[in-house]
Amino acid sequence: MPGEQRRIEDGIVRDFKVNLSYGKYLHLDEILDAQHPVSRPEHHDELLFIVQHQTTELWFKLVLHELQSVQRLLAKDELRPALKGLARVKHIQRTLTEQWSVLATLTPSEYAEFRSFLGTSSGFQSYQYRAVEFALGNKSREMLSIFDDDPAAEEMLTEALNAPSVYDEFLRYLARHGHDVPVELLRRDVTLPYEFNPGLVPVFQGIYGDPERFWEAYEACEELVDLEENFQFWRFRHMKTVERIIGFKRGTGGSSGVPFLRKALEQTFFPELYAVRTEIGAVR
């Protein structure tokens, strides 16, 4: 009947003196008490800014969790579950990209009212973001210096720096399965950023030229291209959201702002997977 009060079903658990509750399981008291605006007087829109970035960091935590699993699975020749992990990362990336539309509701006038209170804090200092880039091959030992005052972050990044990237592990997987991956790639210093190797392009030509024979490797190549493409979409939305809110001001952490973010769009994780596309079906 309209207006009739909905009763709680008899089987619903009500006593949480001994039973585990939703709030306790998720530590909601800690999560929901972790937003501490610094503007004085407190500006209404600062909560949006904080929640946006905290949520992003939670998703980065899950992305790292999945990518590290992918690295381990590839090292054990378990490609199918590794691809499942990459598929999950791709869905997280889409969510992260769409999140920029929420922050984009923050107008320049609104942000200007509390930006000065942020001091030198900046998303540039996100150690989880750096760890994600390291896991995908964009290594930089110099970045460690930014986290000298945070031993836990420095340890995480040092471990990621010294570990083979997802791409390194994939190339090693291909080599173990009979593909003629250039030996210098299998022995390269994994602490250095990955650089394009023309000798790898024919390997991918062979895989793309006979997908039925090399179906699993072929699928993995496309999953990696999806991953990079999604990352570029995220970077682009990041740049356009920053441009929309602060124009071409310098970043709070000292970066050039939009020009710095635009330059990041030129970076690639898996260059040969893009280079091979020029070769496929080319008329000589």
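This report describes the fold, surface and charge pairs of one predicted protein model.

Residues are numbered from 1 along each chain as its sequence is written, and side-chain values use heavy atoms, with hydrogens and water left out. Because the model is predicted, local features need pLDDT of at least 70 and side-chain atom pairs count only at pLDDT 80 or more, while totals for chains, interfaces and linings use all residues.

## Overall architecture

The protein contains 13 helices and zero strands. Here helices (H or I, at least four residues) and strands (E, at least two) are DSSP runs, numbered from the N terminus. The C-alpha atoms fill a box of roughly 70 × 55 × 40 Å, taken along the principal axes. Of the 284 residues, 41% are buried; buried means under 20% relative accessible area, exposed over 50%, and partly exposed in between (1.4 Å probe, protein chains only). Among contacts between residues at least 6 apart in sequence, 70% join residues at least 24 apart, a contact being heavy atoms within 4.5 Å.

## Surface and local geometry

The protein exposes about 16,900 Å², and carbon and sulfur atoms supply 55% of this area. Accessible areas come from the Shrake-Rupley method with a 1.4 Å probe; for residues, only the protein chains shown count as cover. Leu20, Tyr22, Tyr25 and Leu26 form a nonpolar surface patch with about 500 Å² of accessible area together. Patches are made of residues with over 30% relative accessible area and no salt bridge, like charges being joined within 9 Å and nonpolar side chains (Val, Leu, Ile, Met, Phe, Trp, Tyr) within 5 Å.

Histidine 27 is in the loop between helix 1 and helix 2, and its phi is near 55°, a positive value in a residue other than glycine. Aspartate 77, in the loop between helix 3 and helix 4, has a positive phi near 65°. The peptide bond from arginine 40 to proline 41 is cis, with omega near -5°; proline 41 is found in the loop between helix 2 (28–32) and helix 3 (46–75).

Glutamine 93 is in helix 4 (residues 79–103) and counts as buried, at 7% relative accessibility. Leaving aside neighbours within four places in sequence, glutamine 93 is in contact with Leu227, Asn230 and Phe231.

Side chains of opposite charge can pair when their charged atoms come close. A salt bridge is a side-chain nitrogen of Lys or Arg within 4 Å of a carboxyl oxygen of Asp or Glu, and by this rule the count comes to twelve. Three of them are listed below.

| Glutamate 216 | Arginine 80 | 2.6 Å |

Glutamate 216 forms a salt bridge with arginine 80. Glutamate 216 lies in helix 11 (residues 215–246) and arginine 80 in helix 4, so the pair ties together parts that are 136 residues apart in sequence. Arginine 80 is exposed at 63% relative accessibility, whereas glutamate 216 is partly exposed at 29%.

Lysine 90 is buried at 8% relative accessibility, and Lys90, Glu223 and Asp226 are linked in a network of salt bridges.

Glutamate 133 and arginine 130 both lie in helix 6 (residues 127–135), three residues apart, and both are buried.
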